[in-house]
Amino acid sequence: MSCLKKEPKFSRSQELLQHARSQKVTQMNANLLGMEGDPALQFLLQGGDLLKVRSPSWKKTRYFKLQEDCKTMWRESKRTFRKKQTCECCPVTVPEFSLDDISTVQHGRQSEGLKKNTEEHVESRCFSIMFKGQRKTLDLIASSEEEAKQWVTSLEKMMSTITNLNRHQKTEHWIYSCLRKADKNQDDKLSESEVKDFLRLINVEVDDDYAEMLFKKCDKSNSGFLSGDEIAHFYDLLTHRDEINVIYGEYAKTTGYMSPQNLADFLMKEQRETVTLADAHNIIKKFEPDENAKEKQLLSKDGFLMYLHNAKSMILNPKHMEVSQDMSQPLNHYFISSSHNTYLMEDQLKGPSSTEAYVRALLKGCRCVELDCWDGSDDEPVIYHGHTLTSKILFKDAIQAIKEYAFKTSDYPVILSLENHCSVEQQTVMAHHMKSILGSALITSPLGEGMPTNFPSPEELKGTFLIKGKRLNKLEASFVQDTAAAEDTDVTEEEESNDEAENEEQQKNKKKLKLAKELSDMVIYCKSVHFHGFEDASKNLGFYEMSSFKEHKAMGLSEESANAYIHHNVEKLSRIYPAGTRADSSNYNPVPLWNAGCQIVALNFQTTCSEMDVNQGRFLVNGKSGYILKPSYMRDLSSEFDPITLTRGDWLKPKTLHIMVISGQQLPKVNKKKSSIVDPMVKVEIYGVQADVAEKETNAIENNGFNPEWNENFQFDVYVPELALVRFVVEDHDSTSDNEFVGQYTLPLDSIQMGYRHVPLLNKNGDLIPSAGLFVHVMVMDAE
């Protein structure tokens with residue numbers, strides 16, 4: 001039966017009313033985002049037809065449109081459903097993705113899917129939406145180049161706007177979206193049952209009596225519904241925070257408000273900040289929402305909370321959000337954010353390889369990526385995990401993706417770690433691709449004149465690429481004319497190619513690899529060599545000759561010869577990589593290796609785990625540049641520092657860390673079932689030298705992920721604060737099985753701001769959870 005013969009679902013007046021409500025909701029959300037009338041927002045709200053591409057033969061038109069929440073993209077398609085017998089000409093609207101889920105938007109045929117499934121002539125009309133986490137990239141074709149560009153720029157503008165919302169705005173937007181979902185019949189009223197649904201949506205379970213009490217308290221009109229000001233009152237009751245009232249009340253000494261002097265007193269006494277009255281005046285001017293209070297130069301409770309939610313007032317020191325460390329030291333004096341098997345999206349036995357994996361790692365600030373290179377068909381080298389079922393990608397495509405995204409997050413140098421298994425012919429092709437694609441950004445000769453005696457600094461190497469790999473001869477030989485050293489084209493394969501080789505005999509029996517001169521000559525500051533002991537390295541190796549250590553070997557050295565390892569790393573670079581037995585691409589703990597001064601501690605970036613959380617926390621600071629300056633006692637050849645056996649020295653600066661876990665806000669559901677509510681508990685973990693490792697946890701709060709309160713105090717003794725990291729973990733407590741992960745945040749102890757601070761929370765993938773967080777009080781004192 002044709003849908004033209006069906007009775008209309010709504011009358012014309014109902015449709016107009018529905019449209020008016022939708023317009024009102026859209027306008028309210030646009031106001032919350034500060035984008036009322038913005039062309040980018042209007043374009044996305046109007047939406048349009050795009051060709052969705054999955055394969056050479058699967059290209060289907062879908063109508064994409066931003067919903068009234070100004071955050072969710074929906075699409076319409078024509079489908080036949082068996083149960084509802086919807087006819088094929090009736091459009092079905094389904095949520096496609098949230099703008100929060102987008103990692104980046106690419107214009108052109110940059111994704112693997114578009115390169116494989118489309119022709120070159122549609123290049124300018126193509127764009128791709130790459131997502132955070134494991135979701136597949138969405139490949140789309142617009143009707144024109146102008147329209148494709150408009151989609152890209154509009155999406156990017158919306159993403160930027162949402163990212164830059166303060167916590168208060170995000171909370172408002174999130175709660176308002178949940179209110180809209182709970183209002184099932186969209187009549188702008190909430191019944192008592194809809195209020196209960198809303199409470200479940202925001203992750204709080206209350207008994208019927210309490211829900212009824214809350215409802216009646218707000219239903220001033222006794223209508224059996226909440227509407228208008230009653231919903232606003234309901235929102236105020238929900239977002240009421242006793243802990244903020246107590247703190248604010250302590251300092252609001254001027255007719256119930258904070259004066260500039262009151263605010264300055266709070267900032268100096270509680271937050272341990274050095275401020276002036278002028279600073280306090282500026283804070284009131286910037287954060288006070290009430291114009292009358294602002295005019296009287298007073299800070300209301302709402303203004304105070306907005307200030308506490310401001311990014312610069314949160315737990316991470318705002319000075320450390322920018323590049324704040326000395327970047328003029330030699331390259332090996334830094335910890336370097338490093339990835340292993342960077343091309344893999346999943347495990348290393350049968351998981352897919354993808355150029356997107358490089359994009360994701362680089363956007364997370366990774367500065368050392370790995371390329372496992374093998375001979376491919378048509379004389380084009382490929383990248384994959386050799387002798388496994390992982391898929392293959394073209395070497396040149398990986399280099400192109402690396403070039404495109406290398407310096408989006410950080411300006412500092414990227415190291416291309418080559419694990420080379422290619423024939424001489426295809427090595428020559430590799431060299432050609434790197435030279436032609438990377439151009440002048442590729443370092444192919446030492447900086448300055450003559451043979452260098454040390455590494456250049458990250459500052460000197462800004463915007464450049466370094467090749468790590470085998471070299472036919474010493475770097476010194478390139479400064480000697482008519483040298484015969486390069487005639488021997490045999491080198492042993494990379495250590496990783498025979499991952500489980502343990503003894504000297506096996507090392508000797510390693511297969512020889514012919515090396516192309518063109519590729520060899522590109523290796524300047526990172527020449528791969530085998531490790532034969534610290535003494536041999538000190539006597540016989542140049543500063544640019546570096547070794548890769550399997551995790552077990554490196555862990556052994558860091559435990560048994562930590563001080564010797566530190567001395568080795570004062571002069572040379574060390575790269576650590578996971579054992580080949582980690583078929584699931586799991587990770588090892590990087591902390592003991594950083595404690596031994598190792599710079600390139602490579603992890604599987606595609607794997608979500610606590611080790612990656614800690615890695616992200618280590619490189620969270622210094623502007624997320626991917627380079628963290630090692631403490632001075634790890635850059636000194638005469639250093640006696642040993643992270644295992646602590647002795648007196650510059651490193652020993654004992655601190656007592658006091659943390660009070662006060663409350664949580666808007667914690668996400670772990671289980672998406674409507675009836676599921678979290679029972680949150682918080683763990684505080686310390687990572688660092690052995691003596692500093694510790695963990696403490698709060699009690700669980702039953703059935704409340706919206707505004708749980710703990711008010712529990714913890715104390716930690718920290719002996720080497722420069723190497724310590726603090727990790728806050730929220731879990732959903734379960735008495736019968738393992739707790740489930742809710743969110744976490746890790747940062748260096750030296751980057752913590754003292755006083756009352758909000759702690760943002762990140763999900764498993766390391767991405768910010770909008771509006772969720774913890775509220776804590778922190779003090780770091782010199783130990784007696």
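**Note on salt bridges and one buried aspartate**

1. At 4% relative accessibility, E545 counts as buried, where buried stands for under 20% relative accessible area, exposed for over 50%, and partly exposed for what lies in between (1.4 Å probe, protein chains only). This is a predicted model, in which local features need pLDDT of at least 70 and side-chain atom pairs count only at pLDDT 80 or more, while totals for chains, interfaces and linings use all residues. Residues are numbered from 1 along each chain as its sequence is written, and side-chain values use heavy atoms, with hydrogens and water left out.

2. E545 forms a salt bridge with K527, and their closest N and O atoms are 3.1 Å apart; the term salt bridge requires a side-chain nitrogen of Lys or Arg within 4 Å of a carboxyl oxygen of Asp or Glu. The pair links distant parts of the chain, since E545 belongs to strand β20 (residues 545-550) and K527 to strand β19 (residues 526-528), 18 residues apart. Helices (H or I, at least four residues) and strands (E, at least two) are DSSP runs, numbered from the N terminus. K527 is also buried, its relative accessible area being 9%.

3. A second pair to look at is E535 with K539, a salt bridge whose closest N and O atoms are 3.0 Å apart. Both residues lie in helix α19 (residues 534-540), with 4 residues, or about one turn of the helix, between their positions. E535 counts as exposed at 56% relative accessibility, and K539 is likewise exposed, at 62%.

4. The salt bridge between K653 and E722 has its closest N and O atoms 3.6 Å apart. K653 sits in the loop between β23 (627-629) and β24 (655-665), and E722 in the loop between β27 (709-718) and β28 (725-732), so the pair ties together parts that are 69 residues apart in sequence. K653 is partly exposed at 40% relative accessibility, as is E722, with a relative accessible area of 30%.

5. Across the whole structure, a search finds 24 salt bridges.

6. A separate remark concerns D613, which lies in helix α23 (residues 610-618) and counts as buried at 5% relative accessibility. Leaving aside residues up to four places away in sequence, D613 touches R727, F741, Q744, T746 and K764, where contact means heavy atoms within 4.5 Å.
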